[in-house]
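The text is meant to be read beside the sequence and the coordinates.

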Protein chains: 2
Amino acid sequence: MNWKNLDSTAAYKNLCELKGHVNLQDAMSGENGAARVKKYNVPMAAGLTYHYAAKQVDDEILDALQKLADETELTQKYEALYNGAVINTGEKRLVLHQLTRGQLGNPVIADGVDKRAFYTGEQKKAAEFAKKVHTGEITNEKGEKFTTAVQIGIGGSDLGPRAMYLALENWARANGTFKMEARFISNVDPDDAASVLKGIDVSRSLFVLVSKSGTTLETLTNESFVKDALVNAGLDPSKHMVAVTSETSPLANSSDYLAAFFMDDYIGGRYSSTSCVGGAILSLAFGPEVFERFLQGAAAEDDLARNSDVRNNPSMLDALIGVYERNVMGYPATAVLPYSQALSRFPAHLQQLDMESNGKSVNRFGEPVNYVTGPVIFGEPGTNGQHSFYQLLHQGTDIVPLQFVGFKKNQTGMDVQIQGTSSQQKLCANVAAQIMAFACGKQDENPNKSFAGGRPSSIIIGDQLTPEALGALLAHFENKVMFQGFVWNLNSFDQEGVQLGKVLAKRVLAHETEGALRAFSDLLEI
Amino acid sequence: MNWKNLDSTAAYKNLCELKGHVNLQDAMSGENGAARVKKYNVPMAAGLTYHYAAKQVDDEILDALQKLADETELTQKYEALYNGAVINTGEKRLVLHQLTRGQLGNPVIADGVDKRAFYTGEQKKAAEFAKKVHTGEITNEKGEKFTTAVQIGIGGSDLGPRAMYLALENWARANGTFKMEARFISNVDPDDAASVLKGIDVSRSLFVLVSKSGTTLETLTNESFVKDALVNAGLDPSKHMVAVTSETSPLANSSDYLAAFFMDDYIGGRYSSTSCVGGAILSLAFGPEVFERFLQGAAAEDDLARNSDVRNNPSMLDALIGVYERNVMGYPATAVLPYSQALSRFPAHLQQLDMESNGKSVNRFGEPVNYVTGPVIFGEPGTNGQHSFYQLLHQGTDIVPLQFVGFKKNQTGMDVQIQGTSSQQKLCANVAAQIMAFACGKQDENPNKSFAGGRPSSIIIGDQLTPEALGALLAHFENKVMFQGFVWNLNSFDQEGVQLGKVLAKRVLAHETEGALRAFSDLLEI
């Protein structure tokens, strides 16, 4: 494989010559716009479709993106990744989160183990454990059923699983598969744990402690906080806790836990929602069958990402359009705007996924790159965002590309008719309207009421946010970020940028500081 | 007063010549750094302090910012604003949110009414209503006390009040002033209301309907959804609802509500947390005395904003440093990072406050400006963010200025000691460490482990997040945004950018669409 910097490729130079090639206002107006909507879309898994008519592309740009995909060997690199190449070069690790979905590529043998069998085996353990909790075979000391599961984890052990739980909670309730409430403790701020514990019955709660290394400061601190609460309530913590960790961690074989489910260093935290990190808590909350359906959606989407034709590979196309917007058009941020309250924390998960993977200044060989890489990612659900930061998106001085998500049906099946339409129809009407308002704008005699337009967006449309659709959505963005990392020639699977803060914080706590750090520490009375 | 564009001022030209004047790595290293921490801070209200040692400023830059403040007449414009000038020129309205705090400036008579008396009178009505709910003088039809208050509103009627509720919930519980749970319904997605209603006892719930115009689509739709639920439970909706609206709205004098509390067009939604929009729900949740303390913190901060000396006016200084970073240094985004779980939704509120106020391309006279205005604002609480997007902040290709907030004490008083330090100390150690990691970075033989540094941040430090401190924090950012609007010569108090989407959505629902909008509407089955 050829790993080369973006600015050393012929395809990128070609793409730069097409800067501003498509006038979005013209392209999306009139019947030409309708034709684009019909033409510029690509099916995803689980009944989703990626629509990019309102992006600044046309056939010529798509051809240029195809050349870039070919020259940077995107699908070959993806194939190498899921077949077990050492893609995480900085840490000399394989990158195997796709294997947790169980279906892609050749067997990967590492450390003497068939990794697919390992991941699916651990998930099976978690599924069996969850079933025993649901049937009452595993209970608290009094023999009462557990009613609440509480995940203790931070970063990838929190954001992804939390976003997925919120995404499926209403769906599970409406479909009779809701088993247990889930709660999440993450922050080292003691008020986080205190607040969660205040809202639950600890005697009926099962805590899922998630730390790959078994040494994460926040997670161990919160474990201790929770153990104190259990002991104070006259309970035995070891009867209320399970661990999700690596086999080599201090948590792996401890009598402190009812059970332990394993992952390994080949699954990055931000890519771990489909491993036991998401699997334990989601199987407890909704049953293992629902989690299995979620994995199937992700696996089907992973499969689509193998297509070397950009027009038929939604995540690769999304990635390449993003590179065009970032490097050629020069847009510094991207907003993720799901029109679904269930996806309220999905943007926060994508923020980690994207910014932690590709927020880097050196390439995979440690050499500085001369082009911008990962953008700032932010977002809130629509229609809420419309009444907040959309003002800047419509009329601000910077252009921010947009990623919409919308579903035809809501999850609960409950709705209300006002002025002849349902809430769900109003929700959908709003997202359709926004796409066009951003693309075409509107001239007005009063410049304050004018909209320049020319603001690109895509939308993923689905029938309903089911477990399969959620899995497909998650895998789409994971693969998009991976492909962008390949184009930018980055290692998207390490996160050295989080280390320095950790080191300095330890030094503060040990009172080994001087200068400004000591001065700030004194001000905070540490 | 002289209203002029930023790029027509002499002070701005002078400031541009100071681009990159301060090398942050050098400035913050060694004893020089400690001296800066001691020197570069300014007291705020409620015991808070704004620290800007880790910003790219020195005395020369501060002098240049002072000249910019003087030439753009910032404090004069502020004074004009709170004394009732028509600052919102687009809509020809006064801007009076500071008057809801009751203390600044001359009496403002508008529409034949003393506006300060009006706002404080309405707040008194809300306070008395809340007290009657707490004492049981106002109950449900069975004579049972209300246990839950549910705000129905969107945008400024949701984000600010929700953020403030979450900010004080633990504090109120720990201080014996917690009266009722609050919940919030905002999205037109019917699953939002369905989910909130599922989690509460509607027979013991009081709904606070908030819409200034009384015509907000989302809010009226959710009101209808809630009324259906009340009727289905055999309850009389008019015994479970109050309205917060303007006196001229259709909700103002309706027998559908137990009571109505009024605001007016001189309070923008995003500036309405200190009006009845925040006052009704927060007084119900925590008691009117707590809300009064919150107002006092805001009023004290407003008072500090009158100082024409930038070194003694924290919000004006924060604003001017932001302009230097945005217009001179060219940074496109700003992250808000409170090290307090209670402030988990404070960044979402600031996102609206800032991006909706200053995300504009025309000046207050409707003329296009030739410089960038409001940045993208995003953020999550620390330490959570450290395990997520901080990778990009430390090692990404763009520099993102940072706004930290930290407190010496937590709110609940609960904590745990691990490895010799408390969680709260760990939290504080982390924020101190981050400031220095961003400012100074660290060279490493392995470029992948190198940190360039030079990434500016400020921190607001307080003793504890009390109602007064929260009020001061809120007013600080409101005033910062206002001052930036003055510098950029914008009208920060309208939001014409949200209109086009509304118009098009109505057209979709009426099936009056063609071209791409019809095509997208068909895909979404509207």
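The points below go from the basis of the model to its chains, sheets, helices and local backbone features.

1. Basis of the note. This is a predicted model, in which local features need pLDDT of at least 70 and side-chain atom pairs count only at pLDDT 80 or more, whereas totals for chains, interfaces and linings use all residues. Residues are numbered from 1 along each chain as its sequence is written, while chains are lettered from A and ligands numbered from 1 in the order in which they are written.

2. The interface. In the model, 124 residues of chain A are in contact with 123 residues of chain B, two residues being in contact if their C-beta atoms, placed from the backbone, lie within 7 Å. The most is given to chain A's side by helix 15 (residues 423-440) of chain A, with 14 residues; helices (H or I, at least four residues) and strands (E, at least two) are DSSP runs numbered from the N terminus. By class, the side of chain A that touches chain B holds 55 nonpolar, 48 polar and 21 charged residues, where Ala, Val, Leu, Ile, Met, Phe, Trp, Tyr, Cys and Pro count as nonpolar, Asp, Glu, Lys and Arg as charged, and the others, Gly among them, as polar.

3. Domains. Chain A is divided into domain 1 (97-295) and domain 2 (498-526), with bounds that come from an automatic or database domain assignment. The C-alpha centres of these two domains of chain A lie 32 Å apart.

4. The sheet of chain A. Five strands of chain A form an open sheet in the order 6-5-7-8-9, with parallel pairing; two strands pair if DSSP finds at least two bridges between them. Its edge strands are strand 6 (181-185) and strand 9 (259-263) of chain A, each of which pairs on one side only. Neighbouring strands of this sheet are turned by 20° against each other on average, direction ignored. Strand 5 (residues 148-152) of chain A pairs with strand 6 of chain A in the parallel sense over 5 bridges, and A:Gln151 has A:Phe184, in strand 6 of chain A, as its bridge partner. Helix 10 of chain A packs on the sheet, touching strand 5, strand 6, strand 7 (205-210), strand 8 (241-246) and strand 9 of chain A, and its direction makes about 135° with that of strand 9 of chain A.

5. Helices 10 and 11 of chain A. Helix 10 (residues 276-286) and helix 11 (residues 288-304) of chain A pack at an angle of about 125°, with their axes 6 Å apart; axes are lines fitted to C-alpha atoms, for helices over the stretch in contact, and angles run from 0 to 180 degrees between N-to-C directions. The two helices of chain A are therefore oblique to each other, given that angles under 35 degrees count as roughly parallel, over 145 as roughly antiparallel, 65 to 115 as roughly perpendicular and the rest as oblique. Helix 10 of chain A makes the contact with A:Gly279, A:Leu282, A:Ser283 and A:Phe286, and helix 11 of chain A with A:Pro288, A:Val290 and A:Phe291. By class, this contact has 5 nonpolar, 2 polar and no charged residues.

6. The sheet of chain B. In chain B, 5 strands form an open sheet with parallel pairing in the order 6-5-7-8-9. Strand 8 (residues 241-246) and strand 9 of chain B run parallel and are joined by 5 bridges, and the bridge partner of B:Thr245 is B:Phe262 in strand 9 of chain B. Helix 6 (residues 115-135) of chain B lies across strand 7 (205-210) and strand 9 of chain B, running at about 150° to strand 9 of chain B.

7. Local backbone features. A cis peptide bond with omega of about 10° joins A:Gly382 and A:Thr383, and A:Thr383 is found in the loop between strand 11 (376-378) and helix 14 (390-395) of chain A. In chain B, a cis peptide bond joins B:Gly382 and B:Thr383, with omega of about 10°. B:His511, a residue other than glycine, has a positive phi near 55°, and its place is in the loop between helix 17 (499-509) and helix 18 (515-523) of chain B.
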